[in-house]
Amino acid sequence: MEKEHLYQYIVGIADNNLVLGQRLGELCGHGPSLETDIALTNIALDLFGQTRSYYQYAAQLSAQHQTEDDVAFLRKEREYRNVLLVEQPNTHFGHVIARQFLFDVFHYLFLEQLLHSKDDTLAAIAAKAIKEVSYHKRFSSDWVKRLGDGTEESHQKMQEGISNLWRYTNELFEMTAYENEAVKAGIGIALSELKQNYYKEVNHILEEATLSVPESPYFQKGGKEGIHTEHMGYLLADLQYMQRTYPNMNW
Amino acid sequence: MSDKEIKNLEAIFEARIDRDEKIEPKDWMPEKYRQTHIRQISQHAHSEIVGMLPEGNWITRAPSLRRKAALLAKVQDEAGHGLYLYSAAETLGISRNELYEQLHSGKAKYSSIFNYPTISWADIGAIGWLVDGAAIINQVALCTTSFGPYARAMVRICKEESFHQRQGYEIMLTLCKGTAEQKAMAQDALNRWWWPSLMMFGPRDEESPHTAQSMKWKLKRKTNDELRQQFVDQTIPQADILGITVPDPNLKWNEAKGQYDFGEIDWDEFWQVVKGHGPCNKERMEARVGAWEEGTWVRDAAMVYAEKQANKKVAQAS
């Protein structure tokens, strides 16, 4: 696989972590309890840790991006290739948990396969990350159940989160050209093969949580091609603020 | 209990304090000792929790991934400190919810320093360096305090705080070794955080209403002014290494005393902020109360769910 294409493949994976971590970072200090605050911060820290490993690797492969921070901070919006799901705002705790849960189930299945990548660096990152993500998935699934099967209000809010974000789930399994190439090279993951297990697992937890599985057949996509929702520009404005205002400095 | 019995218990208690024995939650203690400790430990816990806000303000905008992760971890440590301290206060017979209630109603205080805004990245460095530096001086003195749970919490907290302080200083060092614009950012942060940091040690000794009793109970080991002096003496050489200067024209080395002389704190500003009229008092309380109120449905759901699960277990067992 060509270096530049491998770079694109890795960045596509890492952007999900970066953007979700950024969203969770906004919540720090504003959670519903100290315990949830600490747990969500922990998840954000894990995601940033993983992001750094991916970007450090990508930076080595890239002709223009020399450091992890160049990759993280100095691209244009169209060059970020995270799925739309992770950039959705922290509307309320039901949304936060729904976004986390819908991503974590995917993330775990993805890493399980990435463990077997022919690319040793990616396999090593996956080996470390999967332990962390197994905790993320437990945390978010438990909260889906707690809120779904808690009070009437929490049930309604949790359902709202799931229903609103459901339309972004299908994009998790969309394949880009780089991904197809990476699969051919034995490096990347054929996402469509994860789809069945994903919905099976998600539906199972939703059922346990007394929530209904949304039935809408309409899905949104675009993030993986760099076409984001209107929320993304603001997220990047915060993320890139220092690097854009004070270019070429060490921090 | 008769007056005589209480007097007797008080005498035993005072003797234990004099022998530097730790007082544990189940031991008898004078009511005033209990109340003073609830006040101080909860004030400390609230400071940790409110302190998450000014620093949290820069998590999304931290200038590098390394700094972002370090800042997140730091703010998370503060949440952890809040947890131990609330737990230590709970051993004295008050619940976390009651303590929150006191914070939200304005009855309980928290460190005034967190009512100042963080308006540049250098403020994150300055807070680590100065605010955590001042906090450590206060807290090291508390590691040997007479109340066991507080002293033990303090030992753990001090270790983490000293790590934060080094991290903050390292941010300042990086800025001061950077471009002129970065160094100016560092100087500006020092200008704004210096005096509020000195205020962290509280009023002058002669105006500190709780000092005498707190010294007697070994809740305090040194007076406010002694600790403030120690902070100045320790911090000025660090500013010299950075190549930036504290905003105090009266600061000078006193050879005879072997310490720095420094100017007078603006006590009007001190009292204004303590009384709730600092730059961010309103915002900080709104953020805390807002998080608490918006989180009510989540906490309620967790309680109801736990009850449902417990009932299911009972039903399965029978």
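I place each charge at NZ of Lys, CZ of Arg, CG of Asp or CD of Glu.

**Entry 1: ground rules**

This is a predicted model, where local features need pLDDT of at least 70, side-chain atom pairs count only at pLDDT 80 or more, and totals for chains, interfaces and linings use all residues. Residues are numbered from 1 along each chain as its sequence is written, chains are lettered from A and ligands numbered from 1 in the order in which they are written, and side-chain values use heavy atoms, with hydrogens and water left out.

**Entry 2: charges**

I started with chain B, where the mean positions of the 41 positive and 44 negative charges come out 5 Å apart.

**Entry 3: secondary structure**

I took helices (H or I, at least four residues) and strands (E, at least two) as DSSP runs, numbered from the N terminus. Chain A gives me ten helices and zero strands. Chain B has twelve helices and two strands.

**Entry 4: overall dimensions**

Chain A has 251 residues and a radius of 18 Å, which agrees with the value near 18 Å for a compact globule. For the 318 residues of chain B the rule gives a value near 20 Å, and the chain's 22 Å agrees.

I also boxed the C-alpha atoms along the principal axes: chain A fills roughly 55 × 40 × 30 Å, and chain B fills roughly 75 × 50 × 30 Å.

**Entry 5: surface and burial**

For accessible areas I used the Shrake-Rupley method with a 1.4 Å probe; for residues, only the protein chains shown count as cover. Chain A exposes about 10,300 Å², with 48% belonging to carbon and sulfur atoms. The figure for chain B is about 14,400 Å², with 55% on carbon and sulfur.

My burial classes are buried (under 20% relative accessible area), exposed (over 50%) and partly exposed in between, with a 1.4 Å probe and protein chains only. Of chain A's 251 residues, 63% count as buried. In chain B, 54% of the 318 residues do.

**Entry 6: contacts along the sequence**

Contact here means heavy atoms within 4.5 Å. I looked at contacts between residues at least 6 apart in sequence: in chain A, 80% of them join residues at least 24 apart. The corresponding share in chain B is 76%.

**Entry 7: the core**

In soluble globular proteins, nonpolar side chains tend to be buried together. I defined a nonpolar core as a set of buried Ala, Val, Leu, Ile, Met, Phe, Trp, Tyr and Cys residues joined through side-chain atoms within 4.5 Å. Which residues have the most contacts inside the largest one? They are A:Phe110, A:Tyr198, B:Trp121 and B:Trp194, in a core of 177 residues. Helix α2 (residues 34-61) of chain A gives the most to this core, with 15 residues.

**Entry 8: A:Leu172**

A:Leu172 lies in the loop between α7 (152-165) and α8 of chain A. Is A:Leu172 buried or exposed? It is buried, because its relative accessible area is 0%. Leaving aside neighbours within four places in sequence, A:Leu172 contacts several residues, among them A:Phe103, A:Phe106, A:Tyr198 and A:Lys224.

**Entry 9: A:Asn180**

I found A:Asn180 in helix α8 (residues 177-184) of chain A. A:Asn180 counts as partly exposed because its relative accessibility is 37%.

**Entry 10: positive phi**

Most residues other than glycine have a negative phi. I noted that A:Thr210, not a glycine, has a positive phi of about 60°. A:Thr210 lies in the loop between α9 (195-208) and α10 (232-245) of chain A, and is partly exposed at 41% relative accessible area. A:Asn248 also has a positive phi of about 60° without being a glycine. I found A:Asn248 in the segment after α10 of chain A, exposed with a relative accessible area of 78%.

Definitions and conventions:
Rg over C-alpha atoms; globule rule 2.2 N^0.38 Å. Lys, Arg positive; Asp, Glu negative; His and termini not counted.
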